[in-house]
Amino acid sequence: MTEYKSGSNLEKVLKAGHFAFTGECGPPKGANVDHLTLKFGYLKGKVDAVNITDNQTAVVRMSSLAASHIMIHEGLEPNFQMVCRDRNRLALTSDILGAYALGIRNILCLSGDHQTFGNHPQAKNVHDIDSMQLIRLVTKMRDEGKFMNDKEEAIDGPPKMFVGAACNPFADPFEYRVYRLANKIAAGADFIQTQCIFNMDKFRQFMKMAVDMGLHEKCYILA
């Protein structure tokens with residue numbers, strides 16, 4: 001029997017060696033979910049999982065946790081995005097436990113766009129931990145059954161999540177990007193999703209560097 005870390009559909013597709021195809025869906029700027037479920041309908045049966053964004057571009061929207069839960073009931077698998085901008089480690093940890101209890105099995109760990117880009121530029125960011133520390137937090141909870149502080153007794157029902165991270169192969173300094181990717185994989189990321197690719201030559205150059213470092217053998221990389 002194949003052993004899975006989470007048993008999510010995305011994990012099974014990737015572990016089987018298939019090409020995984022994901023979609024993305026931003027929650028509404030309100031509590032009306034009619035438009036959200038309409039968008040789910042376009043994605044159903046066409047993708048292996050759907051990214052549910054977490055206040056993307058620092059614009060207030062329905063929580064990614066709630067939208068992910070709604071998605072499950074609509075017959076799709078969410079890739080639950082979580083940013084460090086808006087929560088400290090207490091809130092991050094409790095939301096991860098809640099997400100798992102609600103049936104969410106994929107999580108994408110992100111830093112989050114700076115709040116000055118959004119519709120509440122006066123908001124105070126949190127960034128208690130960064131995305132790499134968030135990756136370690138989730139994998140520690142999953143694999144060791146322990147919280148970040150290492151002082152509590154074992155978690156009663158550790159969240160068995162398939163842990164992802166993002167990578168921008170095109171940001172400057174370009175030569176540093178592959179090392180940042182390596183650090184996220186070392187932190188415990190099971191899969192990586194890159195930003196949209198419009199420059200194939202540069203992406204090939206980036207992937208050659210990643211392959212030369214053996215990173216493609218340590219983690220699933222979704223372009």
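This is a predicted model: local features need pLDDT of at least 70, side-chain atom pairs count only at pLDDT 80 or more; totals for chains, interfaces and linings use all residues.
Residues are numbered from 1 along each chain as its sequence is written, and side-chain values use heavy atoms, with hydrogens and water left out.

**View 1. A cis peptide bond joins Asp172 and Pro173.** Look for the omega of about -5 degrees at this bond. As background, most residues other than glycine have a negative phi, and most peptide bonds are trans.

**View 2. Ala58 and His127 both have a positive phi without being glycine.** For Ala58, phi is near 60 degrees, and the residue lies in the loop between β2 (49–52) and α3 (64–73). Ala58 counts as buried because its relative accessibility is 9%; buried means under 20% relative accessible area, exposed over 50%, and partly exposed in between (1.4 Å probe, protein chains only). For His127, phi is about 45 degrees. His127 is found in the loop between β4 (106–110) and α5, and its relative accessibility of 32% makes it partly exposed.

**View 3. Helix α5 (residues 131–144) meets helix α6 (residues 174–187).** Two packed helices are described by the angle between their axes and the distance between the axes. Here the axes come within 8 Å and cross at roughly 20 degrees; axes are lines fitted to C-alpha atoms, for helices over the stretch in contact, and angles run from 0 to 180 degrees between N-to-C directions. That makes α5 roughly parallel to α6 (angles under 35 degrees count as roughly parallel, over 145 as roughly antiparallel, 65 to 115 as roughly perpendicular and the rest as oblique). On the α5 side, the contact (heavy atoms within 4.5 Å) is made by Ser131, Met132, Ile135, Arg136 and Thr139. Arg180, Asn183, Lys184 and Ala187 make it from α6.

**View 4. Cys167 and Cys219 are in no disulfide.** The structure holds 0 disulfides, a disulfide being a pair of cysteine sulfur atoms within 2.5 Å. For Cys167, the nearest cysteine sulfur is that of Cys219, 9.8 Å away, which is too far for a bond. Cys167 is buried at 8% relative accessibility, and Cys219 is buried with a relative accessible area of 5%.

**View 5. Tyr220 is found in strand β7 (residues 220–222).** With a relative accessible area of 30%, Tyr220 is partly exposed. Its C-alpha atom is separated by 6.1 Å from that of Ile192, 28 residues apart along the chain. Not counting residues up to four places away in sequence, Tyr220 touches Leu14, Lys15, Phe162, Asp190, Phe191 and Ile192.

**View 6. Ser8 lies in the segment before α1 (9–15).** Ser8 is buried, at 1% relative accessibility. Leaving aside residues up to four places away in sequence, Ser8 touches Glu77, Arg105, Asn106 and Phe162.

Notes
Helices (H or I, at least four residues) and strands (E, at least two) are DSSP runs, numbered from the N terminus.
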